[in-house]
Amino acid sequence: MTDMTRDPLDPVTFEVLKNSFITAVDQMSEQMLRTCYSFVIYNRDFSNGLHDAQGNSVAQGNQDIAVHVGTLHFTCKDVIRVFEGEMMPGDVYAINDPYAGGTHFSDVRLVRPIFDDDKLLGFSQSNGHWSDLGGSVPGSFDVSARDMFREAVRITPVRLFREGEFCHDVAGMIAANTRDPASIIGDIHSQASATHVAEREVLRLVAKYGRDAVLQGMDEVQDYVERAVRQRISALPDGTWETVDYIDRDPGAGEGMIPIRIKMTIKGDRILYDFSGSHPTISSIYNSAEGATFSAVVAGMKTFFPDLPLNSGFYRVIDIEADEGTVVSAEWPIAVTGFLMPFEKIMNAIFEMWSKIMPERAIACAFNLEYLLAGGTDLRSPEKPMFMFYEWLPGGWGGRNGKDGSDVTTACFGTGLMSQPNEGNERVNPTRTSEFQILRDSAGPGKWRGGCGVQKTSVLLESENAVMSYICDRERAVVWGVEGGLPSMPHGLSIRHEGESEAKWLGSVFSDYPVQTGDEFARPTAGGGGFGDPLERDPEQVREDVIDDYVSIERAARDYGVVVREIDADLCEYEIDRDATDKLRAEIRAERLNWARMPPEEVAELYRKGEIDALDAVRRYAVILDWDSGELLEKTTAQFRESFETRSVAHWS
Amino acid sequence: MTKTRVAVDVGGTFTDICIMDEETGAIRIEKTASTPDDPMRAIMNGIGQADVDLSGVSMFSHGTTVATNALITRNLPRAAMVCTEGFRDVVEIRRANKEDLWDTYKDVAKPYIPRRDRLTVRERVDAEGRVLEELDEAGARRVAQVLKKRGVASIAVCFMNSYVNADNEKRMRDILKEEMPDIPVSISAEIMPEIFEHERFSTTMANAVVSPVVVDYVSRLSDKLADGGYARELLLLHTGGGVMTPHAVRDFAARLAGSGIAAGAIASRFIGNLCGFPNSIGFDMGGTSTDVSVCYQGEPRITKDWYIEYGYPIRFPSIEVLTIGAGGGSLAWKDEGGSLRNGPQSAGADPGPACYKNGNEVATNTDANVVLGRLGTSLAGGQITLDPELAEAAVRRTVAEPFDMELHEAAEAITRVANANMANAVRLLSISRGYDPRDFALCAFGGAGALHGAHVARELSIPTVIVPPNPGVTSALGCLLVDIQHDFSDSFMSAASATDPAALEAAFARIEDDARSQLDREGVAPEDMLLQRSIEMMYQGQWRSLAVDAPSKITSIEELTDAFHEAHEREYNFARRDAPVSLFRVAVKATGIVPKAELPRVEATPNEPEPGQRRQVWFDGEAHDAAIFERDQLTAGAHFTGPAIVEQVDSTIVVPPGMRAEVDSYMNILIHTKG
């Protein structure tokens, strides 16, 4: 907080310092991007921050990944807690502790104290997602972990550089506990050099403006952001909004989705997010500790204030309440490596609530992030190296008010994250991709449809001892539409084993699944949820989607009630049958309430007989099944239908 | 009859024609209004106005915005893409990231070729270059027939892993050519033979879509010039900093994207070198934005990470230019948190700054400069008059009152924020790349460059500012002073420890053959060919490579890895000398030297000029009685000390108090920021 007895900085010095702090952090990002070893970092899973002497966040990078916002100050404060009084210029510390406000073990932060002579001015922090942190599976995502002991190496604050001297003993021990020690040492150097870049810039500012002005500037930029946020919040009406979103299941319990409940209250210039009633922690890695939950709230809210800079000033306006021991407030040693699952639920729930307050920025649910991890021995070369491959795909974002959803976009936890080139994959890993393309009919139907998802299908080449893990969700808590829009489709991977003709549905979460040379695995990603009633979509737009093959002729009829006929596909000529369309739309309008309330067991029967598919089940009948056996998931369906009634049915005319 | 050289730079508002007398080196400039619907008209108008006899022109070079504008406005002919089955969406999936991370209503634009026009054919090559599946000829022919039926004007062929084996792509092109002999076909293995499909496909796509536009323009212009008597090849400036002939344009049309921006950077390099500063920073400030470029040891900084529209990289090597939203028309404003901001919003050319009297009431940098007396009220030789009262009112309303400042304090605050923002941009391009600004000169041009240049330089501890004779038309000069240049590259992925120098030498020799035949086709004599090798390397496991120069005969790999360690140390402040190094790509820059004319040099006679007038100019919160000079009255050797203002038709130069300025023998003004 600003010392009220000081005169404020003059406007020019303030503005110059504010921009220079951000430039310093952007220079850190530049440094990291160009020198990192972990490809996850290279593809932009990293963030950088500048902190004041108390660890509060002063500035964050412009292109940093969303999921780290609102967590860097926690880890900086934890470093201070451990090393206060014994920090020296040239020191660098490491921490990856989710129980101290970090995200998950893979995100390793390097923190450097910045001194002017012997006065501590603040800290620079560089956070990167390392490719492996040990634990039971390659990439350190074991979905069957129940506690942290089989997840990865937990790094509570340790010293990696002592007065500029590399502590190879500590670094070596950390690296030795991972599957990729050479890269880990490389990343330590890369991140340490990034924190050095910010130190150099801060000291340059001290030389120019003086130590006191720089320290005061660090305080004032936080006040500045706080003032701006408070002003925007005050301008909104007071009120309370609430919603619920779900994680698919607790693998240790029976069928039934895991609720995350949020009640948001705006009062004056403050906002309270109350998570009361959210489910207790579950027996998988899909739990989130407090720091990550806070980050999800900030990231969700920031989406509605895209122009405001992020620092601790922003965070002061937000209060969070949660019961102890829930999926959003997990504590040591509960497994939290999959925290992104609750994270994205919170983000989308916040999208939904804020969409009511700011309809001009309204948006339906985005697809759920998914990532595939595989590892084993690569037999393509005589050296038989180990391979480890970790990949995420883009999908569709929710339909918007007056605009279709964004097609094939990175998951909402970090829109700066880049997808990986196939040609790179094929060189490094024993896989060959047979398709990586937009998935027809993946978008949630709506007046403004969701964005399209993709499908990637690959074959495992010569390898042995290979295993695969898949981390995803919303196989059951299917991506939802709003304002009458429809859900998109269930997530889940299928595999066709070498020599078999039928593919097998493995679903959206599994771990350590053995795979052999020749196995083919297909990963679809969902589109975004629809926005508004699909029967109100302009048939002309449906026709355009058919021409581009985003939507099939069949689903144009089933989802939108638009009858399109092919005239000459070679010339992209298709026409709308207006009369048939009017008639079909009237039929759907008359029937759809009955469909949405049809006894679920009857729907399951239709599915098992092959008369309807999974898209029909979720979009038309709002029924959730075990997509492999067709068995009805009763409790899940009841939960899904409750949401479907309020988000979709209630808005149909 | 004396020979002349002509260079044309087409801008959004004006087309500048720079005519140089080959014998004396004398330069004259003709300015004419641009004709955006067909830029050629303005060129021919200007040539007419300037009374240029085309039959006496020995070199005609041209920086064009035709390719850039076609891509920005998407005013493109229908083009198609043929892809490996399963991969038609590579350019739509891109890398899936967004430019604006937080604004969910701001999308990345769709690809230049829509999904309906991206067709597929069965074929497959693996990562090692083995053909797993031959091109399905029947399917290929069927695709060709569909595209013919659709009447597409250009086609991109983009197959997986074609960078290691281009056979299938080439066969596909043959089939397309058989069906549609007149339609240009760009194949990815020839346009950009490098790994990573999106970047390669995207470059190929950009090339395919602009090809018909650019080729049409270039051939019309060539014909027109030939009709007028011009007997040589038209030379076109590309983003890599060289020129190319119409012949090369037919193959690599997208190299002309960004051509206009490159011209300024090239001119800045030239002027820096001329003044004895091989390290220079180009600072081109106009009405709405500022372009910053860096030239180190005589060579402009090159990047392959650039695009016209976000998401669609064009991987041709390009002069690295950082554009920021700070110009004369940038608006000053107080935001809701109470901070004094400057830009990126701009009053543009219309309504323009408040003092332009067109109704804008928000203060701009130009208004602040008027209030401070730095900018006179009569510009462009009296064609434009500015209203100082409107400028004052705007500064009062926008800044002085909200921040409780005096008028001049407020005006200075505006310029100081603008200068600091621009200094930050320079910092990102210099310091964060390992360059120390103290080793550089700042070359200030564009309409507003010299107004702010000295202050920005001081902010960065840059000791010298160079203001060329015609700061407003410097880009055209850039087009005049370039060589034919092409860039060739090939993948070369191998661990340094396992690399045989002979194999590397052979890889270089291969692309050098291509380079020589390209130059040969363009009429470059062997003695004028200059081939410069470079090699991209990285620490094994790193994800981004760094290019270092390679010798013309490879004998030792160690020599290269040493150079890499050094470059890494300079660029990133650390090196890991014990870590293994990988080679990634070999590249050759092929230059066809174009004999240069010399700029006229006059004897500098030290003299202290008398100012034509004096006026009150504000610096650091104080009014100074400043000397006002007319630029064309300053002779070589003139020197004076700030506070002073130099006015000329296309620019105004500010020399702050205590700084020393001099006119050199090329008529540049050098400002020494340390006095």
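Helices (H or I, at least four residues) and strands (E, at least two) are taken as DSSP runs, numbered from the N terminus. By this assignment, the secondary structure of chain A amounts to 16 helices and 22 strands, while chain B has 16 helices and 35 strands. The structure is a predicted model, in which local features need pLDDT of at least 70 and side-chain atom pairs count only at pLDDT 80 or more, whereas totals for chains, interfaces and linings use all residues. Residues are numbered from 1 along each chain as its sequence is written, and chains are lettered from A and ligands numbered from 1 in the order in which they are written.

A residue is classed as buried if 20 or more other C-beta atoms lie within 10 Å of its own, as exposed if 12 or fewer do, and as partly exposed in between, with C-beta atoms placed from the backbone. Buried residues make up 58% of the 653 residues in chain A and 56% of the 675 residues in chain B. Two residues are in contact if their C-beta atoms, placed from the backbone, lie within 7 Å; of the contacts in chain A with a separation of 6 or more, 72% are between residues 24 or more positions apart.

Chain A contains an open sheet of seven strands in the order β2-β1-β5-β4-β3-β6-β7, with antiparallel pairing, where two strands pair if DSSP finds at least two bridges between them. The edge strands, each pairing on one side only, are β2 (57-60) and β7 (165-166) of chain A. Strands β1(A) and β2(A) pair in the antiparallel sense over three bridges, with L50(A) opposite A59(A) in β2(A); the two strands form a hairpin with four residues between them, and G55(A) in the turn has a positive phi of about 95 degrees. Strands β3 (residues 92-95) and β4 (residues 107-116) of chain A likewise pair in the antiparallel sense over three bridges, and the bridge partner of Y93(A) in β4(A) is V111(A).

Helix α1 (residues 11-35) of chain A packs on this sheet, touching β1 (46-52), β2 and β5 (119-129), and its direction makes about 145 degrees with that of β1(A). Helix α5 (residues 181-209) of chain A also packs on the sheet, touching β1, β3, β4, β5 and β6 (158-162), and its direction makes about 145 degrees with that of β5(A). These axes are lines fitted to C-alpha atoms, for helices over the stretch in contact, and angles run from 0 to 180 degrees between N-to-C directions. Helix α5(A) is followed by G210(A), whose phi is positive, near 95 degrees.

Between the chains, 70 residues of chain A are in contact with 57 residues of chain B. On the side of chain A that touches chain B, α1(A) gives the most, with 16 residues.
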